[in-house]
Amino acid sequence: MSDSHLPINASRESIASTRSGYLMLIVFLALLVAIVFCVVTLAGGDPGPGTVLGFLAFILPAVIMNVLILSGFYMIQPNQAAAITLFGSYKGTDRTPGLRWVWPWMGKTKISARANNVVSEKLKVNDLRGNPIEIATNLVWRVADTAQALYDVDDYKAFVNVQIEAAVRSIGSRYAYDDVEDAEITLRGSHEQVNAELRTELIARLQVAGITVDECGLTHLAYAPEIAGAMLRRQQAEAVIGARRKLVEGAVSMVEMALAQLSEKNVVELDDERRAAMVSNLMVVLCGERDTQPVVNTGTLYS
């Protein structure tokens with residue numbers, strides 16, 4: 001493998017060795033009181049050379065120590081973390097909220113572990129049938145591994161936005177917008193399955209950055225404006241055809257039931273021609289869009 005194609009060194013979050021800041025705060029205040037006391041005592045008297053030398057021998061280390069102690073303080077809020085480094089080497093992550101302290105020569109990079117809500121821009125995508133559609137999603141994500149988020153990608157927030165667009169385009173082109181027959185998974189009719197698959201794909205894409213997805217779902221789904229009118233007419237035609245098909249299926253079932261009951265109860269004997277006429281009349285009554293007007297035949301069927 002050439003140097004230009006070396007794999008990335010994946011980081012993994014570990015627990016940092018840090019201390020409570022409250023104990024160090026007590027040490028800092030104690031040294032500060034001692035420094036102030038020494039300064040006031042020296043200023044209020046007539047010190048000799050030995051006293052001044054002793055004062056300097058104490059005050060200089062005490063001031064330096066207090067400055068170092070002060071430089072090591074940092075605060076962590078709930079659902080926040082701090083990545084600790086030593087001269088560029090990752091030493092762990094501190095997630096304990098409150099006042100914390102670490103050696104002042106160690107770096108502290110804060111990162112939020114709170115949930116973030118992102119609504120993507122409307123994207124124009126071609127669905128499975130090649131129809132242009134507009135699609136957008138809402139995503140709730142958070143940092144699960146602080147080391148990966150900080151050190152495996154350059155800007156994890158920008159990385160999230162790019163991967164959202166890529167995942168939405170992939171899901172949008174994988175399924176058809178709609179299917180009147182309900183014979184396949186569609187973007188419009190299978191919300192739970194599409195959203196679950198979108199979340200699975202986003203988790204896989206964002207895993208390299210230590211990001212997890214808590215919730216996601218499509219917030220906008222529509223045909224592109226240039227074909228919206230034509231697709232609406234097609235949907236209306238398909239809906240009418242589907243309704244007619246259901247109506248005919250129901251009418252045929254009712255005619256079969258009527259003929260069977262007439263034969264079982266011996267209400268009337270029908271030959272083939274009368275049976276055909278009865279079927280025709282029943283189909284007209286059951287499938288007609290308007291109320292039927294009954295016609296009383298006072299003669300016979302053959303006259």
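The legends below accompany an overview and several close-up views of a predicted model.

Residues are numbered from 1 along each chain as its sequence is written. In this predicted model, local features need pLDDT of at least 70 and side-chain atom pairs count only at pLDDT 80 or more, whereas totals for chains, interfaces and linings use all residues, and side-chain values use heavy atoms, with hydrogens and water left out.

**View 1. Overview of the protein chain, with its seven helices and 10 strands.** Helices (H or I, at least four residues) and strands (E, at least two) are DSSP runs, numbered from the N terminus. Of the 303 residues, 32% count as buried, where buried means under 20% relative accessible area, exposed means over 50% and partly exposed lies in between (1.4 Å probe, protein chains only). The chain exposes about 19100 Å², of which carbon and sulfur atoms supply 59%; this area comes from the Shrake-Rupley method with a 1.4 Å probe, and for residues only the protein chains shown count as cover. Among the contacts with a separation of 6 or more, 69% are made by residues 24 or more positions apart, a contact being heavy atoms within 4.5 Å.

**View 2. An open sheet of three strands in the order β1-β5-β2, with antiparallel pairing.** Strands β1 (19–20) and β2 (73–76) stand at the edges with a single partner strand each, so one side of each is left without a neighbour in the sheet. Two strands are taken to pair if DSSP finds at least two bridges between them, and β1 pairs with β5 (residues 98–101) in the antiparallel sense over two bridges. Within this pairing, R19 has W101 in β5 as its bridge partner.

**View 3. The aromatic cluster formed by W101, W103 and W105.** Rings of Phe, Tyr and Trp (its six-membered ring) pair if their centres lie within 6.5 Å, and planes under 30 degrees apart count as stacked, over 60 as edge-to-face and the rest as tilted. By this rule the count comes to five aromatic pairs. One of them joins W103 and W105, a stacked pair with 5.2 Å from centre to centre and 5 degrees between the planes. W103 is partly exposed at a relative accessible area of 38%, and W105 is also partly exposed, at 47%.

**View 4. The edge-to-face pair of W141 and Y156.** The ring centres of W141 and Y156 are 6.3 Å apart and their planes stand at 80 degrees, so the pair counts as edge-to-face. This pair links distant parts of the chain, with W141 in strand β9 (residues 132–143) and Y156 in helix α4 (residues 156–174), 15 residues apart. Both W141 and Y156 are buried.

**View 5. The largest nonpolar core, of 31 residues.** A nonpolar core is a set of buried Ala, Val, Leu, Ile, Met, Phe, Trp, Tyr and Cys residues joined through side-chain atoms within 4.5 Å. The members that touch the most other members are L139, W141, Y156, L202 and I211. Each of β8 (123–126), β9, α4, α5 (191–206) and β10 (211–223) supplies at least two residues of this core, and the largest share, seven residues, comes from α4. Apart from this core lies another, of 10 residues, among them F28, L31, I35 and I69. Leaving aside residues up to four places away in sequence, L202 touches L139, Q163, I164, A167, V213 and C216.

**View 6. The hairpin of β8 and β9, with five residues between the strands.** The two strands pair in the antiparallel sense over four bridges, and V125 has I133 in β9 as its bridge partner. In a regular strand the side chains alternate between the two faces of the sheet. In the turn, G130 has a positive phi of about 85 degrees.

**View 7. Strand β3 with T85, and the loops that hold N79 and F87.** T85 is buried at 14% relative accessibility and touches Y90, K91, M106, G107 and Y151, not counting residues up to four places away in sequence. Most residues other than glycine have a negative phi, and most peptide bonds are trans. N79, in the loop between β2 and β3 (80–86), has a positive phi near 60 degrees and is exposed, with a relative accessible area of 55%. F87, in the loop between β3 and β4 (89–94), has a positive phi near 55 degrees and is exposed at 74%.
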